[in-house]
Structures are given as structure tokens and as C-alpha cells.
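Hi there,

Here is the structure I promised to pass on. My notes on what turned up in it follow below; have a look whenever you get a moment.

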Amino acid sequence: MLPAADLLADAKVGSIAWNGTSASWLGIERDESLCAAIAAKTGIPATTSTLACLGAIRRANAQRVGIVSPYTDDVQKRIGEVWSHASAPVHAERHLGIRDNFSFGEIEPQTIADMIRAVVRDGCDAVVILCTNMNGARVAAELEPELGVLILDSVTATLWRSLQIAGIDADGLGKWGRIFREEAFAKGGQRA
């Protein structure tokens, strides 16, 4: 990862992001260490999908988080444990039990929407589509106004946080979710 970050630094970017969610089950400290190492090596602030999602959940002051993923039972269970230790306990979840990474990208939008609706019915005030291979950005943006809860797609959340730490205005991205429109998500340059 560090050699890749070094190559990105040559482009004089304002932020570097690891667009992956594995720290959600391997431990948040992995992503925190990765971001610190990238920043130390390149001088450029960094974030990850997991840290971005957790940061947005905290800014929203969400108390009942729903997780929607394609993952297997063991991975989903571990996500609940890791997120609880990160002060974002999972209130409800739905997962599909899929192991094959390529298959994550083939999940139908209607399946994702059904999973989101299910965790919202379980009382969640925020939902995270936790997999950067799931095609959840459009589904999240469409369901957020309908369901009245924050819905984060892990890729969209990573973009939000990357733009934020780079100091780039997200004007024009409001159609992709509350994180691009609402003041609570607009400020703050520290790594999330």
C-alpha cells in the first residue's frame, strides 16, 4: 500500500483513500495505522472507507446503525463486534452470505434496497452499505429521502471524506446523499 500511496503522491493529490472495508472485521486500528503511515510517508492526509463511514455515523449522531453487506455469517458477526468497539454498535443487519468478491458487484439493486428497508423497519436511524464492490450509491441516494434516515454507501462515504480532507467543496454532489448536502457533514479537516 505504501508504494502505491507514494505513486499517488507524485500527482500532488489533496488526499489518499483506501477504498476498502476490511478493517470493519479485521480491526479499525489497521486503517488508522495505514492512514498514519501514508501521511507520514507522503505528507498527504489519508482515509479509508471504514473510517469514512464511522466518521459520518458519528457526525450524524446515529444511535441505531444498520449494516447491509454481501458477507458471510462469520464476517458479519465480526463487523458487529468491531463496530461496537468503535462506538458504533450495530442495531440491525442483513447480509447475503456470499464469499466471492466478484459476485458482490452482481447483486441486484432491488436486493440492496430490500435489505436497507428491512434494517430501517428494525428501527435503524442510519444504514451503511458496507462493501465497496456492491453497487449501492444510487440505491442509497434514492432511498434516503423515502425512508428518512441517513443511508451511506461505502464508496460514496469515501469520496465525501476524501474531498473533505482535501478541502474540496462537494457542491453539485448533493443528489448522492445527505453527506454532501447537510451542514453537519460539511466541515472538519481532521481524519475521520
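Contact here means heavy atoms within 4.5 Å. Helices (H or I, at least four residues) and strands (E, at least two) are DSSP runs, numbered from the N terminus. Please keep in mind that this is a predicted model, where local features need pLDDT of at least 70, side-chain atom pairs count only at pLDDT 80 or more, and totals for chains, interfaces and linings use all residues. Residues are numbered from 1 along each chain as its sequence is written, and side-chain values use heavy atoms, with hydrogens and water left out.

First, the overall picture. The chain has nine helices and six strands, and its C-alpha trace spans about 45 × 35 × 30 Å along the principal axes. For 192 residues, a compact globule would have a radius of gyration near 16 Å, and the chain agrees with its 16 Å (taken over C-alpha atoms; the globule rule is 2.2 Å times the number of residues to the power 0.38).

Next, the sheet. Four strands form an open sheet in the order β4-β3-β5-β6, with parallel pairing (two strands pair if DSSP finds at least two bridges between them). β4 and β6 (150-153) stand at the edges with a single partner strand each, so one side of each has no neighbour in the sheet. β3 (residues 65-69) is joined to β4 (residues 90-95) by five bridges, and Val 65 has Val 90 as its bridge partner in β4. The path from β3 to β4 goes through helix α5 (residues 73-85), a right-handed β-α-β crossover (with the strands pointing away from the viewer, the path from the first strand over the helix to the second runs clockwise). Four bridges link β3 to β5 (residues 126-129), where Ile 67 stands opposite Val 128.

Now the helices. α5 lies across β3, β4 and β5, at about 160° to β4, while α4 lies across β3, β5 and β6, at about 170° to β6. Axes are lines fitted to C-alpha atoms, for helices over the stretch in contact, and angles run from 0 to 180 degrees between N-to-C directions.

Which helix comes within 8 Å of α4 (residues 49-59), axis to axis? That is α9 (residues 154-166), and the two axes cross at roughly 80°. This makes α4 roughly perpendicular to α9 (65 to 115 degrees). Among the residues that meet are Ala 52, Cys 53 and Ala 56 in α4 and Ala 157, Trp 160 and Arg 161 in α9. The residues of this α4 contact with α9 divide into five nonpolar, five polar and two charged (Ala, Val, Leu, Ile, Met, Phe, Trp, Tyr, Cys and Pro count as nonpolar, Asp, Glu, Lys and Arg as charged, and the others, Gly among them, as polar).

α3 (residues 28-42) packs on α4 at about 110°, with the axes 9 Å apart.

Best wishes

Key: Parallel < 35°, antiparallel > 145°, perpendicular 65-115°, else oblique.
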